[in-house]
Amino acid sequence: MTIQSSSENVIIDQGSRTERLPVNQIATDKLPIMTYGSVPQIPQDWWRLEVFGSVEFELEISWDQFLTQPRVAVKTDFHCVTQWSSMNHTWEGVLAKELLQKAAPIVYAKYVMVSCYGGYTTSMSASDLFKANVLFADHHNDMVLPPEHGGPVRLIVPHLYGWKSAKWVKSIEFTECQYPGFWEKRGYHMRGDPWSEERLAL
Ligand SMILES: Nc1nc2c(c(=O)[nH]1)N[C@H]1C(S)=C(S)[C@@H](COP(=O)(O)O)O[C@H]1N2
Ligand SMILES: [Mo]
C-alpha cells in the first residue's frame, strides 16, 4: 500500500500486501552492507547518470542537473533476499519516474537494465521502476548517502528484494525484453517480489 501523506513530497510505503514483514524475513533495525566486490569511490562532480536504449531522447544527467530536480522523501522498509528486513528508512532524492520520463521511452521499452559504477547490474520492468515509491536516492535518514550504501546516488526499489536497489547507479538502458543482470544470471528471480517470495527463478 502506498500512501501519499499530506505533506506533498513525503511518500510512505510499508509493503504491497497487508503484512508489512514479508514471509520468511527477520526484521532488524540495522542496515547491513551487502556489496559484491569493492566500494567504488565516485566524486559527485564526476558522477553522471546516462539514459539510453529504446528512448526518444538519450540523457546524460550531471550532479548539478540532478540537484535541480523536484525532490521527494520515501519512508519505507528494505528487504534483502538473504532474509533480513531492515525497517524504517527515509530515503530522499528524485523519483525515478520523474527523472526518466524526460528520456521519453518508446512504448515497446518494457524493461530496463540498470548498470553501476563498479560493474554490478540488475534488471526490472519499467512499470516496477516507475512506481511512485522508487527513487534515485542521495540521502538516507537525513544524512548524505555514504559510499558504502551507494553514494553519491543509488536506486531504491522498496517493493522488490534489495538486489534490485542498485548502488552507485551509472546508467539506465531501456530494452524491449528483460535481460538478466548480475544476480539474475546467477539464478535469482527476474522480478523479486518479497511478498510472493520470488527469491530464485526455479
Ligand atoms: N552496485 C551494487 N548494488 C547493490 C549490491 C551490490 O553488490 N552492488 N548489492 C545489492 C544487495 S543484494 C542489497 S541487499 C542491497 C544492500 O544495500 P546496502 O549495502 O546499502 O544495505 O544493495 C544492492 N545493490
Ligand atoms: Mo541482498
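# The site of ligand 1

Trainee: Which residues come nearest to ligand 1?

Mentor: Among the 18 residues around ligand 1, the nearest are Pro 32, Tyr 36, His 149, Arg 154 and Lys 167; a residue is near if one of its heavy atoms lies within 4 Å. This is a predicted model, in which local features need pLDDT of at least 70, side-chain atom pairs count only at pLDDT 80 or more, and totals for chains, interfaces and linings use all residues. Residues are numbered from 1 along each chain as its sequence is written, chains are lettered from A and ligands numbered from 1 in the order written, and side-chain values use heavy atoms, leaving out hydrogens and water.

Trainee: What makes the pair of His 149 and ligand 1 a polar contact?

Mentor: A polar contact is a pair of N or O atoms within 3.5 Å. A polar side-chain atom of His 149 lies 2.6 Å from an oxygen atom of ligand 1, so the pair qualifies. A side-chain N or O atom of Arg 154 is 2.7 Å from an oxygen atom of the ligand.

Trainee: How much of ligand 1 does the protein bury?

Mentor: The protein buries 97% of the 530 Å² that ligand 1 exposes when taken alone, by the Shrake-Rupley method with a 1.4 Å probe.

Trainee: Why are twelve residues of the shell around ligand 1 called nonpolar?

Mentor: They are called so because Ala, Val, Leu, Ile, Met, Phe, Trp, Tyr, Cys and Pro count as nonpolar, and twelve shell residues fall in that class. Four others are polar and two are charged, where charged denotes Asp, Glu, Lys and Arg, and polar the others, Gly among them.

Note on methods. A polar contact is a pair of N or O atoms within 3.5 Å; within protein, one must be able to donate a hydrogen and the other to accept it, and residues adjacent in sequence count only if both atoms are side-chain atoms.
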